[in-house]
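Biologist: I'm new to this one. Can you put it up and walk me through it?

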Amino acid sequence: MNRDPVVAIAGVTGAVGAEFIATMNRRDFRVGKLKALASARSAGKTVDFRGQQVVVEELTERSFEGVDIALFSAGSGISRRFAPAAVKAGAVVIDNSSAFRMDPNVPLVIPEVNGGRIRDHKGIIANPNCAAITALVPLWPIHQRNRIKRVIISTYQAASGAGAAAMDELVQATRASLNDQVFTQKVMPHPYAFNLFSHNTAVDPDTGYNDEETKVINETRKIFEDENIAVGITCVRVPVLRAHCEAITFECEKPITEDEVRRILSTAPGVRVVDDRARNYFPMPVDASGQDDVLVGRIRKDLSDPSGRSIAMFVAADQLLKGAALNAVQIAELLPERVMA
């Protein structure tokens with residue numbers, strides 16, 4: 001391309017949509033023109049982009065004429081309906097929903113892990129689940145050196161994963177609880193203030209796993225290109241505004257030490273080691289919020305495995321950034337000109 005790309009954001013008024021804009025600004029991402037797209041009820045509003053007020057347009061099948069890159073974060077139903085129209089108009093779609101992640105013809109990409117798969121796209125590139133990204137960015141460099149056979153994950157997922165409405169509900173519910181006021185939740189299925197509960201996605205009656213857990217299992221295997229990797233996971237929603245945390249224990253093919261893991265992660269892209277035992281200072285949502293890197297700490301031998309092949313660690317990452325908007329913008333940055341042509 002001999003010009004700056006025209007970029008469309010579908011779902012621009014949501015929490016991730018706002019982070020798309022902020023991330024492109026912060027990273028000086030080239031944009032010739034921005035098209036701000038949302039539902040009919042948001043049409044006519046404006047969003048600020050580099051000092052200019054961009055009018056929000058209603059998202060339709062005709063919204064993508066002249067668009068080079070379309071960033072989607074408006075839910076899987078919207079993506080299934082409108083992404084094909086964007087591709088037909090000539091745009092490359094980077095989709096943040098689950099709509100196309102397991103489609104064998106759609107690359108599922110974390111740039112630090114499998115950025116080369118971007119070249120395989122046929123118009124759509126999928127952004128992985130935020131919990132999967134948070135785990136796989138630090139696991140991948142270890143997997144490259146000593147294959148990971150099995151991983152057990154427990155997540156502590158923030159309100160941001162459920163969108164701006166869930167974040168607002170957490171604030172309101174907390175305020176009401178502190179003031180001894182009755183509060184009726186509308187977004188979450190259970191009381192959110194000073195509470196935690198199983199992730200608010202549907203539970204498979206046969207397996208007992210919820211949709212979030214199933215996504216992480218399937219997406220790990222696709223991204224690592226390893227159908228044999230064993231993944232056990234429990235996903236929990238916690239009363240934190242943004243930034244997911246995860247307790248991860250992984251088993252490698254060969255023995256591995258905590259010092260080896262620290263050395264590997266100290267130079268791994270997208271990772272920052274926060275592992276201060278003396279001060280009992282490890283990854284926390286308050287530190288991960290607003291940060292691009294996945295924070296990793298509590299790196300220690302898994303004492304339940306006498307073979308020496310297992311390590312436990314704790315990670316935190318901003319769900320709206322690396323778990324969503326940042327990962328998508330990083331993908332866009334890697335799009336070669338001949339791919340977008």
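Modeller: A term to start with: a salt bridge is a side-chain nitrogen of Lys or Arg within 4 Å of a carboxyl oxygen of Asp or Glu. This is a predicted model, where local features need pLDDT of at least 70, side-chain atom pairs count only at pLDDT 80 or more, and totals for chains, interfaces and linings use all residues. Residues are numbered from 1 along each chain as its sequence is written, and side-chain values use heavy atoms, with hydrogens and water left out.

Biologist: OK, how many salt bridges does a search of the whole structure find?

Modeller: The search finds 21. One of them joins Arg81 to Glu61, with their closest N and O atoms 3.4 Å apart.

Biologist: Where do Arg81 and Glu61 sit?

Modeller: Arg81 is in helix H2 (residues 76-88), and Glu61 is in the loop between strand E4 (52-58) and strand E5 (69-72). They are 20 residues apart, and the pair links distant parts of the chain. Helices (H or I, at least four residues) and strands (E, at least two) are DSSP runs, numbered from the N terminus.

Biologist: What is the strand order in the sheet with E4 and E5?

Modeller: E3-E4-E2-E1-E5-E6-E7, an open sheet of seven strands with mixed pairing. Two strands pair if DSSP finds at least two bridges between them. Strand E3 (46-49) and strand E7 (124-126) are the edge strands, each pairing on one side only.

Biologist: How many bridges join E1 to E5?

Modeller: Four, and strand E1 (residues 6-10) runs parallel to E5. Ala10 stands opposite Phe72 in E5.

Biologist: Last topic, the second largest pocket. What residues line it?

Modeller: Among them are Pro104, Asn114, Arg117, Lys222 and Glu225. The lining divides into five nonpolar (Ala, Val, Leu, Ile, Met, Phe, Trp, Tyr, Cys, Pro), five charged (Asp, Glu, Lys, Arg) and two polar residues (the others, Gly among them). On a 1 Å grid over the protein atoms alone, a pocket is an open set of points where a 1.4 Å probe fits, with protein on both sides within 12 Å along at least five of seven lines; lining residues have an atom within 4 Å of a point.
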